[in-house]
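Please look over the sequence and the fold shown here before reading the notes that accompany them.

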Amino acid sequence: MDTRVIKLKNRPKGRPEISDFEFDKTEVCSLQDGELLLKTRYVSVDPYLRGRMSDAPSYIPPFEVGKPIESGIIAEVIESKNKDFSKGDFVSGTLDWKESQVAKADGLHKVDPEKAPLSAYLGILGMTGLTAYLGLTEIGKPKEGETLLVSGAAGAVGSVVGQIGKILGLRVVGIAGTDEKIEMLKSEFGFDAGINYKTTENMTKAIAEACPDGVDVYFDNVGGEISEAALFNINKFSRTINCGAISVYNNTEIPKSISVQPFLVKKSSLMQGFIVFDYADKHPEGIRQLTQWLNEGKLKYTETIREGFDNIPKAFLELFDGKNKGKMIVKI
């Protein structure tokens, strides 16, 4: 049996293009003992995949040119030769961009469509939710009454960070790229205020006005000029959580930026980067807490769902135009 696959055709220079992806067909291997035959149902596309398209040292190996791209996927078990999985089960894990594939069970986790929609396990009940929860609680160490500033606030991680901040008793301010997104943050997710960075001429001033008591915790999803503006507003002993830097992922030259050291020294401030796997031992605890809040109605989530295997690369590219509200997912 053959299946369609999406491979990395070229290493992008600057912003990725559709031409950097290759659609191909490949044979689905015979099922061996312990393996599963899987049918892809939902595919997660995330900004961090851009980094894996470059041949540069990182916390995870780069994609190989001519080989399949992989990301978080929800798949249905079509056939099983593993005692722990049965036909009809749904699993979550990092898998190739293929319509069908044979995979070992290692690293795959059953997900229950009766407890939550399948797509939620790629978002709020998956790596997205864990990134928000663990980054905020482990590094941000928020205290009731403090001010939390979130960039990329209308994205998958940012929208969850802000809601957790409200649950924990913080004043929450979000930065996003359209008035519609700002309204969504306030009306749907309970943010106290929002800043449209695309229509704001002076971000430093806008942050100061939205955060009159200063910024105690900054959850940074974008990097670049927005995050530089945040530095002018941090409080003594503030904590900056560096989760992502989508604004500079496609830069072909090293960007010129202000030096952060004087800000950190003057304010005795912490700035720390992280990836969610740094806290792998806390993942079960995190999922339990996120599930509880979701069931209690304290957490909401939004998704942007594109349909069709052919649209996976396009959906990924749309992330860099901010066309997603919440998690960007492709339904197959």
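The report below takes up the model, its sheet, a helix and some backbone angles.

## Basis of the model

This is a predicted model, in which local features need pLDDT of at least 70 and side-chain atom pairs count only at pLDDT 80 or more, while totals for chains, interfaces and linings use all residues. Residues are numbered from 1 along each chain as its sequence is written, and side-chain values use heavy atoms, with hydrogens and water left out.

Helices (H or I, at least four residues) and strands (E, at least two) are DSSP runs, numbered from the N terminus.

An open sheet is formed by 6 strands in the order 10-9-8-11-12-13, with parallel pairing, where two strands pair if DSSP finds at least two bridges between them. Strand 10 (193-196) and strand 13 (270-273) are the edge strands, each pairing on one side only. From one strand to the next, the twist averages 15°; axes are lines fitted to C-alpha atoms, for helices over the stretch in contact, and angles run from 0 to 180 degrees between N-to-C directions.

Strand 9 (residues 171-176) runs parallel to strand 10 and is joined to it by 4 bridges, and Ile175 stands opposite Ile195 in strand 10. Helix 6 (residues 224-231) packs on the sheet, where it touches strand 8, strand 9, strand 11, strand 12 and strand 13, contact meaning heavy atoms within 4.5 Å; the direction of helix 6 makes about 170° with that of strand 11. Helix 2 lies across strand 8 (147-150), strand 11 (215-220), strand 12 (234-242) and strand 13, and runs at about 145° to strand 12.

The buried residues of helix 8 are His283, Gly286, Leu290, Trp293 and Leu294, where buried means under 20% relative accessible area, exposed over 50% and partly exposed in between (1.4 Å probe, protein chains only). Because they cover an arc of only 100° around the axis, they lie on the same side of helix 8; the arc is that of the directions from the helix axis to the C-beta atoms.

Helix 2 (127-140) and helix 3 (156-167) are among the elements that cover these buried residues, whereas the face turned away from the buried side carries the exposed residues Arg288 and Asn295.

## Positive phi values

Most residues other than glycine have a negative phi. Lys141, which is not a glycine, has a positive phi of about 40° and sits in the loop between helix 2 and strand 8. Phe237, in strand 12, has a positive phi near 65°, and it counts as exposed at 53% relative accessibility. Just after helix 8, Gly297 takes a positive phi of about 80°.
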